[in-house]
Amino acid sequence: DLSNEDISKLMFTQNVDANYLNYPLALHRLLYLFPEYHQMFYFEVNEHITQDYLSTLRTLSTDLDIRLVLDDTNQMDTAIHHSLLDLTDWIKIDFHATIALEKMLERGERTQILTYFERYTSKCKSLVIVLEGLGEASPLKDFLIGSWRNPTRLYYQSRERIPLPPWDTRF
């Protein structure tokens, strides 16, 4: 009986591309046909989004109650990035920024790293920031584990994963 156990929910991200934004009826139908997607999916907006789509994203987020992830925010246009912060449930920082943060740590700029993230998190609703490309054994990871006191959760995606074999090797 697992009814009293706290079991993590499986979450997915789905890229929000021009097809969704130019033809929002497709997204509306998807969510109508599969209502569980509201709980399982976050819709990922990447760094290539343009100003033209901001009102569409805002309307879709409100009307369809979709949850957004901003991907590679360090490469995103600053005005677009800032205008979507109030709608964002997750923020992903790409591996280039993670490398820059690792270099800052090597130079002893610990306070600047914490100040950057605290300022960043104060402007958004997101309670999750994902650092892409952070190693399993990383001084930056160790530093953040020991120093982070903000309620925003920091996660990482390792660049050290062993590749999975092709799906057909067992046949």
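**Whole chain.** Please note at the outset that this is a predicted model. Colour the chain by secondary structure: eight helices and six strands are present. Traced along the sequence, these elements follow the pattern β-α-α-α-β-α-β-α-β-α-α-β-α-β. The chain has 171 residues, of which 39% are buried. Of the contacts between residues at least 6 apart in sequence, 70% join residues at least 24 apart.

Four salt bridges occur in the structure. Select K92 first, and show E44 with it: these two form a salt bridge in which the closest N and O atoms are 3.5 Å apart. K92 belongs to strand β4 (residues 88–93) and E44 to strand β2 (residues 41–45), so that the pair links distant parts of the chain, 48 residues apart. Are these two residues buried or exposed? K92 counts as buried because its relative accessibility is 8%, and E44 is likewise buried because its relative accessible area is 6%; the cut-off for burial is under 20%.

E132 is buried, as is K92. With E44, K92 and E132 displayed together, a network of salt bridges can be traced.

**A salt bridge with an exposed partner.** Select R107 and E109. Their side chains meet in a salt bridge of 2.9 Å, N to O. R107 is exposed because its relative accessible area is 54%, the cut-off for exposure being over 50%.

**Helix α4.** Select residues 54–63, which form helix α4, and highlight L54, L57, L60 and S61, which are buried. Viewed down the axis of α4, the buried residues fall within an arc of 135° and therefore line one face of the helix. In general, an α-helix has 3.6 residues a turn, so residues three or four places apart point the same way. Turn to the other side of α4 to find S55, T62 and D63, which are exposed. Just after α4, D65 adopts a positive phi of about 55°.

**Helix α6 against helix α7.** Select helix α6 together with helix α7 (residues 110–122); they pack at an angle of about 140°, with axes 7 Å apart. The two helices are therefore oblique to each other. In this contact, α6 contributes L101, M104 and L105, while α7 contributes R110, Q112, I113 and F117. By class, the contact comprises five nonpolar residues, one polar and one charged.

**Helix α6 against helix α8.** Keep α6 (residues 95–106) and show helix α8 (residues 139–147): here the packing angle is about 75° and the axes are 9 Å apart. This angle makes α6 roughly perpendicular to α8. Which residues meet at this contact? T98, L101, E102 and L105 of α6 meet P139, L140 and F143 of α8. The contact of α6 with α8 divides into five nonpolar residues, one polar and one charged. To finish, display L101 and L105, which take part in the contact with α7 and also in the contact with α8.

Note on methods: Residues numbered from 1 in each chain as written. Predicted model: local features only at pLDDT ≥ 70, side-chain atom pairs only at ≥ 80, totals over all residues. Heavy atoms only, no water. Helix = DSSP H or I, 4+ residues; strand = E, 2+ residues; numbered from the N terminus. Buried < 20%, exposed > 50% of the residue type's maximum accessible area, 1.4 Å probe, protein only. Axes fitted to C-alpha atoms, helices over the stretch in contact; angles between N-to-C directions. Parallel < 35°, antiparallel > 145°, perpendicular 65-115°, else oblique. Contact = heavy atoms within 4.5 Å. Nonpolar A, V, L, I, M, F, W, Y, C, P; charged D, E, K, R; others polar. Arc of directions from axis to C-beta.
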